[in-house]
Amino acid sequence: MPHVLVFAKTPYAKTPYDRWLAGTGIVPVLLTTTEFAAGYGHLPHVHAFDDYDTNQLVEKTALRLAREHAVTAVFARAEADVVRAAQLRDLLDLPGQRTASALAFRDKVVMKDHLVGGPVEIPVYRPLDSAYTALEFVAEHGYPVVIKPLSESGSLGAAIIRDEAELDAYLARPWRGASEIEVFVPGQMYHVDGLVVNGEVVFAHPFRYLNDCLSFRANHWVANLPLTPQDPVHDRLLKAARAVLAELPTPPHTAFHAELWITPDDRTVFCEIASRTGGGMISAMVRHAFGIDLDKEWLYAECGLPSTLGTPAYRPTGALCIPPSDGVLTHLPSGDEPACVKEVALTGTVGEEYHGGVKSGLFLAGYVVGGDTEEDVAANLENVATWFADRAQWFPASTGGTR
């Protein structure tokens with residue numbers, strides 16, 4: 001009986017691998033976090049780890065399990081697992097994304113190096129190896145600039161530097177890992193999410209961010225709204241995303257999440273792209289809006305199973321992610337959501353202390369929201385955010401919280 005090794009850094013409700021693979025004859029062998037292990041507890045092969053992202057026993061165990069079960073495929077949908085899964089495929093000569101491709105979708109400098117001189121504009125950038133590099137870059141290009149970790153997701157560690165005082169503040173407490181510096185790009189940010197199977201883009205659609213990816217810094221919500229084909233930037237964004245995929249060493253099967261700006265002077269500028277499904281509630285939104293489960297279809301492609309992808313039947317749908325506030329959560333609204341809410345994901349725990357948003361893909365409460373038109377959905381997203389804010393209850397934080 002064939003086995004697939006799965007790096008499962010998601011709760012069972014989001015990725016029920018056994019249900020997806022039921023009837024296929026393929027058995028999932030899972031590595032997951034201690035937090036999510038109980039949800040997968042009914043499966044025969046589940047291995048849980050503390051400090052999952054950095055715990056190198058994950059790799060050691062993955063190699064042992066892959067050999068022990070003679071796995072025929074490796075599946076990894078989380079950013080933290082993209083490279084470790086690719087390295088395992090290299091080591092065992094298994095099909096799928098290899099390390100060079102994974103780095104091109106994970107390391108922001110390697111990524112942009114591939115795109116220099118290509119059909120899609122990219123911001124001027126440079127690897128940030130010291131404070132001297134930052135000073136030289138600012139002297140050449142002026143403020144504002146953006147400093148980003150090379151390999152994080154969800155805008156974790158990203159800093160917009162608008163003047164010398166902000167640069168000094170950053171240099172006093174810099175990101176400890178490798179970073180890059182680039183010019184700041186003004187404008188509206190969009191994302192294109194889709195699926196590549198057998199080297200072909202079989203699904204892609206552009207979305208607009210309501211608020212932005214750094215909204216969590218102020219404990220504000222962020223939302224995603226599909227664009228209609230009639231939107232003037234719809235086709236431009238699809239064309240740009242396809243061009244980026246063509247320039248990168250895109251694996252034969254992958255989901256993707258690409259972010260781009262449309263600037264005030266009407267330029268399309270690349271931000272970044274990941275070889276995975278989008279974070280937050282994006283996958284759930286796509287499932288409700290188009291009837292497509294990107295993670296399931298991607299898993300099927302990696303396992304060599306026939307696609308269940310039908311003709312998408314679009315329904316206006318958006319996604320909303322609300323970060324925690326500062327304080328002890330004393331009431332988490334649940335059970336009386338507005339009628340427009342189609343799906344709910346609550347990650348908060350009453351009684352726990354929080355200290356605001358951590359990254360854009362992490363949330364206290366996530367919602368998929370419907371409506372008759374995109375305008376209805378946009379209004380409903382605002383209304384659900386207000387509904388939550390009116391009902392959530394917080395007690396002031398102490399000096400040393402748990403989260």
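A residue is called buried here when its relative accessible area is under 20%, exposed when that area is over 50%, and partly exposed in between (1.4 Å probe, protein chains only). By that definition Phe75, with a relative accessible area of 0%, is buried.

The structure is a predicted model, in which local features need pLDDT of at least 70 and side-chain atom pairs count only at pLDDT 80 or more, while totals for chains, interfaces and linings use all residues. Residues are numbered from 1 along each chain as its sequence is written, and side-chain values use heavy atoms, with hydrogens and water left out.

**Aromatic pairs**

Rings of Phe, Tyr and Trp (its six-membered ring) count as a pair if their centres lie within 6.5 Å, and planes under 30 degrees apart are stacked, those over 60 edge-to-face and the rest tilted. The structure holds ten such aromatic pairs. One of them is formed by Tyr17 and Phe75, edge-to-face at 6.0 Å centre to centre with 70° between the planes. Tyr17 belongs to helix H1 (residues 17-21) and Phe75 to strand E4 (residues 73-76), so this pair links parts of the chain 58 residues apart; helices (H or I, at least four residues) and strands (E, at least two) are DSSP runs numbered from the N terminus. Tyr17, at 1% relative accessibility, is buried.

Phe75 also pairs edge-to-face with Trp298, their ring centres being 4.8 Å apart and their planes at 70°. Because Trp298 lies in helix H10 (residues 294-302) and Phe75 in strand E4, this pair ties together parts that are 223 residues apart in sequence. Both Phe75 and Trp298 are buried. Ring pairs link Tyr12, Tyr17, Trp20, Tyr40, Phe75 and Trp298 into a cluster.

**Salt bridges**

A salt bridge is a side-chain nitrogen of Lys or Arg within 4 Å of a carboxyl oxygen of Asp or Glu, and a search of the whole structure finds 21 of them.

| Salt bridge | N to O distance |
|---|---|
| Arg98 and Asp93 | 2.9 Å |
| Asp265 and Arg267 | 3.1 Å |

Salt bridges that share partners join Lys112, Lys148, Glu180, Glu182 and Glu272 into one network.

Arg84 is buried at 5% relative accessibility, whereas Glu59 is partly exposed at 29%. The charged end of Arg84 also sits over the ring of Tyr52, 5.1 Å from its centre, where the criterion is NZ of Lys or CZ of Arg within 6 Å of the ring centre and within 35 degrees of the ring normal.
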